[in-house]
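Hi,

Here is the structure I said I would pass on.

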Amino acid sequence: MKKAVIFDLDGVLIDSEPHYRNRRQHFFEEQGIKLTDEEQRLFIGSNPDDMFLHLFPDEKEKQLRLKQAYQEYGQQFKLNYREIIQPGLFETLKILQKRGLKLAVASSGSEVGIMTVLKELEIVNYFDTVVSGRWFDKSKPHPEIYLYTLSQLNLSAEECLVIEDSAHGITAAMEADIETLAIQDLRYGVDQSRATAKIEGLLEIPKHL
């Protein structure tokens with residue numbers, strides 16, 4: 001019997017990847033760097049630290065400089081999060097809350113970024129805990145973010161269900177021994193093969209509890 005559902009944010013609660021993909025592409029083009037399709041797939045679900053470490057593994061100063069520039073670049077583009085919510089989001093949260101389940105968000109994004117989305121969508125009060133991958137030395141695909149979330153919920157892995165979309169996120173949750181549903185997204189060729197099961201949308205979650 002599941003007692004909690006843990007959600008990733010980007011690609012799960014909101015369909016933000018098309019925006020982030022375009023932003024990455026344009027930023028790196030301005031820097032004279034062309035990202036491959038494989039790199040674009042790899043960066044889905046990653047945080048900027050991991051992205052720049054992958055691209056420039058032996059150039060710490062360049063990592064820091066470009067990370068700062070990327071953050072400033074991103075501030076130029078404001079998203080209307082209500083325009084990109086996943087179908088069935090509000091109804092799903094209401095159903096899960098009515099069933100008495102604990103709800104959590106565990107995202108690789110910054111705490112400020114996560115809370116901005118939840119507040120703008122007016123859903124922050126649904127969640128018992130919100131966890132940012134920036135709090136840890138290793139974010140997804142390392143399982144630490146999910147192990148920490150379990151401790152905050154005071155529940156075992158067997159009592160929880162994770163909703164993810166990226167290969168990094170699915171790996172992190174499965175390495176924490178938590179059953180994981182992957183929201184299918186055929187646009188970018190993301191490997192979701194490690195997930196316990198795949199679903200087409202949020203409204204399918206109650207059937208797996």
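Let's start with the helices: H1 and H3 cross in a right-handed way (a crossing is right-handed if the near helix is turned clockwise from the far one by less than a right angle, and left-handed if anticlockwise). Helices here are DSSP runs of H or I with at least four residues, and strands are E runs of at least two, numbered from the N terminus. Before going on, a word on the source: this is a predicted model, where local features need pLDDT of at least 70 and side-chain atom pairs count only at pLDDT 80 or more, while totals for chains, interfaces and linings use all residues. Residues are numbered from 1 along each chain as its sequence is written, and side-chain values use heavy atoms, with hydrogens and water left out.

Back to the pair: H1 and H3 pack at about 45 degrees, with their axes 14 Å apart (axes are lines fitted to C-alpha atoms, for helices over the stretch in contact, and angles run from 0 to 180 degrees between N-to-C directions). That angle makes H1 oblique to H3 (under 35 degrees is roughly parallel, over 145 roughly antiparallel, 65 to 115 roughly perpendicular, and the rest oblique). H1 also meets H4, where the axes come within 11 Å and cross at roughly 125 degrees. H1 is therefore oblique to H4, and that crossing is right-handed.

Now the spaces. The largest pocket holds about 1,000 Å³. On a 1 Å grid over the protein atoms alone, a pocket is an open set of points with protein on both sides within 12 Å along at least five of seven lines; a cavity is a set where a 1.4 Å probe fits but cannot get out, and lining residues have an atom within 4 Å of a point. Points are joined across faces, edges and corners, and the volume is the space filled by probe spheres set on them.

Of the 38 residues lining the largest pocket, Tyr 20, Arg 23, Ser 110, Gly 113 and Arg 134 are closest to its centre. Helices H1 (17-30), H3 (48-55), H4 (60-74) and H6 (111-120) each give two or more residues to that lining, and H6 gives the most, six.

Which cavities turn up at 30 Å³ or more? A search of the whole structure finds one. The largest cavity has about 50 Å³ of space, and its lining is Glu 17, Ile 44, Asp 165, Asp 185, Tyr 188 and Val 190.

Cheers
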